[in-house]
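Subject: Handover of a structure

Dear colleague,

Please find the sequence and structure below. My notes on the findings follow.

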Amino acid sequence: MTIKERGYTHWDGELQDGRFPWWPITRIGIKLTFKRRFFKFFFAFTLIPALVWLVGIYVSERLEDFKFMMEGETDFLNVNPLYFKTYFTNEFLLFMVVMILVFCGAGLIADDLRHNALQLYFARPLKKRDYLTGKAAVIFFFLFIVTLVPGIVFILFKLIFAGNLQFFFSYPWLILSVIAYSVLITTFFAFYTLLLSSIGKNRRYVAILIFGVYIFSDIFSAIFYEIFRSRYFYLLSIKSNLQQIGAVLFDQKTPWNIPWYYSLLVIVAICVFAAYVLKRKVRGVEIIK
Amino acid sequence: MTAVIQTQNLSKWYGNVLGLSDVTLEIEPGITGILGPNGAGKSTFLKLITGQIKSNIGSVSIMGQPVWNNFPQFSKIGFCPEQDSFYEEMTGWQFLTSLLRLFHLPVAEIEKKADKALDIVELTDDKHRAIRAYSRGMRQRLKVAQSIAHDPQIIILDEPLNGLDPLGRRKIIRLIKEYKGEGRTIIVSSHVLPEIEAMTNQIILIHQGKIFAQGDIHYIRDLIESHPHIISIKCSDPRQLAQKFIRHDFVLKVNFDLKKGTLLVETNNRDKFFGLLPALFVENKIEVEEITSPDDNLQAVFDYLIGK
């Protein structure tokens, strides 16, 4: 021991394995989000589409019992990849996802910047990578609850209600599509949210940006499309790009007649740009100008 | 005694702005004061030795091991930043336990350590109050608590007495001295000389990113003593007081500020001057309104030393 005259005793217990050094960051992020006013109510509201789709699956297996309600219009109750694609790419769900980001994501980095908390984190055994993983995991937690979890529950309940594995053997790749699309949409929105959260110290300003960029990307793409009549302007819309990729992953026709990989490129480019900005913005010391 | 912290040719730039230049020094156990005016490079130095930023040139080692990117080393260091770094909506207890979780300690140990740290800084009774309801002194003490909670061997405190009332200052100073008694290494930065003086006599003077002097505080004190000081006195009869002052050889100059109605006295021995002052007031029945020392700040001392 290099210190002489040492009169204090260190804690001599065993350190727990730090395999997930980002977990404390995620834990506090989730806790603080649930503390936000109206969030619990709002979050429950975002699960309504999942409930409706689940009821749809149940009804599809009991069409005879519900004939009086259907009046012959039962096509939409065909539980197939289109049914899943409709759930995952419907505008309402995407809108609710963005609203969840407003609640849970706006302050993720912005609050740390406002509270000068980065220097406290980085004076501890926490790497920048762990910090960002911890923050992204907060978004993964909330978005998986409205994407991945319902997707898997739909498949499980379809099998349970049907009482056989025919659905699984008809579409064995569907569970992979559900996982792939959920991971893609969540990863993209994690980068998108952390990027915007890192460029401001005010969570309200960031919340407006998260909402505004998503909405205005859609509005501007529609305006440009109307002016120039080129479908390629749909690449400006976050929603359209996600819908394009979603359609491909669920083996459906793409909504816009443009190559789907252009949309994937746009999404990947945004993620790369976000990673670059985060690398520069997230550091333990303020830059003197 | 073996040095706990060693820096070798440490330099840091922020773009074109020089943060720290060619700093080579060794810090031993005990309290070391880092003294320098605002913008001198104190915080940059502290952030370099805590491994938060990387130096452009040079190296820092703690107990013989490099600190940059050496995360196990971070457990040995407790850092108390200058600015407030709180989530206002959290309670003091939540703030402390959430930071302790980053050390991957068992939950029971986290709670024990948080309780102990809050007890040391005398915040146990307020631990379940939201931080937004804390006073300035309580916030400062909570900041100190987060830096000592994980039982570090090296404690680095950036301006820990900023904005504290005399009672709060006394509490923090007492705490720092207690930690010194346990054989730990404590580094305290400040731009106020008497604050550092109250804690230690080992100081490092830093100015414009360079180490200006390092060693015993008495050396710098002697330099300051020979530095002519101006003292401003607002009283009922400044002319009579001036008459009494000019008899003493440690008074170099007297002057009057007619607008403010004050007497300005220049002295090269502050201790003798202030020793004489009360007696002169009492003997001559002079009523005093205000005594200030316009140039009694660290910047003035540095300007004087650099000029010298």
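**Notes on the structure**

B:Glu122 is partly exposed, because 13 other C-beta atoms lie within 10 Å; a residue is buried if 20 or more other C-beta atoms lie within 10 Å of its own, exposed if 12 or fewer, and partly exposed in between, with C-beta atoms placed from the backbone. This is a predicted model, in which local features need pLDDT of at least 70, side-chain atom pairs count only at pLDDT 80 or more, and totals for chains, interfaces and linings use all residues. Residues are numbered from 1 along each chain as its sequence is written, while chains are lettered from A and ligands numbered from 1 in the order in which they are written.

**Chain B: loops and backbone**

B:Glu122 sits in the loop between helix 4 and helix 5 of chain B. Helices (H or I, at least four residues) and strands (E, at least two) are DSSP runs, numbered from the N terminus. Although B:Glu122 is not a glycine, it has a positive phi of about 60 degrees. For context, most residues other than glycine have a negative phi. B:Asn69, also not a glycine, has a positive phi of about 65 degrees. The position of B:Asn69 is in the loop between strand 5 (65-66) and helix 2 (71-74) of chain B. B:Asn69 counts as exposed, because it has 10 C-beta neighbours inside 10 Å.

B:Arg129 belongs to the loop between helix 4 (107-120) and helix 5 (136-148) of chain B. With 14 other C-beta atoms within 10 Å, B:Arg129 is partly exposed. Leaving aside residues up to four places away in sequence, B:Arg129 touches B:Thr91, B:Gly92 and B:Tyr134; two residues are in contact if their C-beta atoms, placed from the backbone, lie within 7 Å. B:Arg129 and B:Glu195 are 66 residues apart along the chain, and their C-alpha atoms are separated by 30 Å.

**Chain B: overall**

Chain B contains 11 helices and 14 strands. Its C-alpha trace spans about 70 × 45 × 35 Å along the principal axes. Of the 308 residues of chain B, 41% count as buried. When contacts in chain B between residues at least 6 apart in sequence are considered, 68% join residues at least 24 apart.

The domain assignment of chain B gives domain 1 (5-223) and domain 2 (228-307); such bounds come from an automatic or database domain assignment. The C-alpha centres of domain 1 and domain 2 of chain B lie 37 Å apart.

**Chain A: overall**

Chain A has 15 helices and 0 strands. Of its 289 residues, 37% count as buried. For contacts in chain A between residues at least 6 apart in sequence, 76% join residues at least 24 apart.

Two packed helices are described by the angle between their axes and the distance between the axes. Axes are lines fitted to C-alpha atoms, for helices over the stretch in contact, and angles run from 0 to 180 degrees between N-to-C directions.

Helix 12 (residues 174-198) and helix 13 (residues 203-228) of chain A pack at an angle of about 140 degrees, and their axes are 9 Å apart. Helix 12 of chain A is therefore oblique to helix 13 of chain A; angles under 35 degrees count as roughly parallel, over 145 as roughly antiparallel, 65 to 115 as roughly perpendicular and the rest as oblique. The crossing of helix 12 and helix 13 of chain A is right-handed; a crossing is left-handed if the near helix is turned anticlockwise from the far one by less than a right angle, and right-handed if clockwise. On helix 12 of chain A the contact is made by A:Thr193, A:Leu196 and A:Ser197, and on helix 13 of chain A by A:Val206, A:Leu209, A:Ile210 and A:Val213. By class, this contact of helix 12 with helix 13 of chain A has 5 nonpolar, 2 polar and no charged residues. Here Ala, Val, Leu, Ile, Met, Phe, Trp, Tyr, Cys and Pro count as nonpolar, Asp, Glu, Lys and Arg as charged, and the others, Gly among them, as polar.

Helix 7 (residues 107-114) of chain A packs with helix 12 of chain A at an angle of about 20 degrees, with the axes 7 Å apart. Helix 7 of chain A is therefore roughly parallel to helix 12 of chain A.

Yours sincerely
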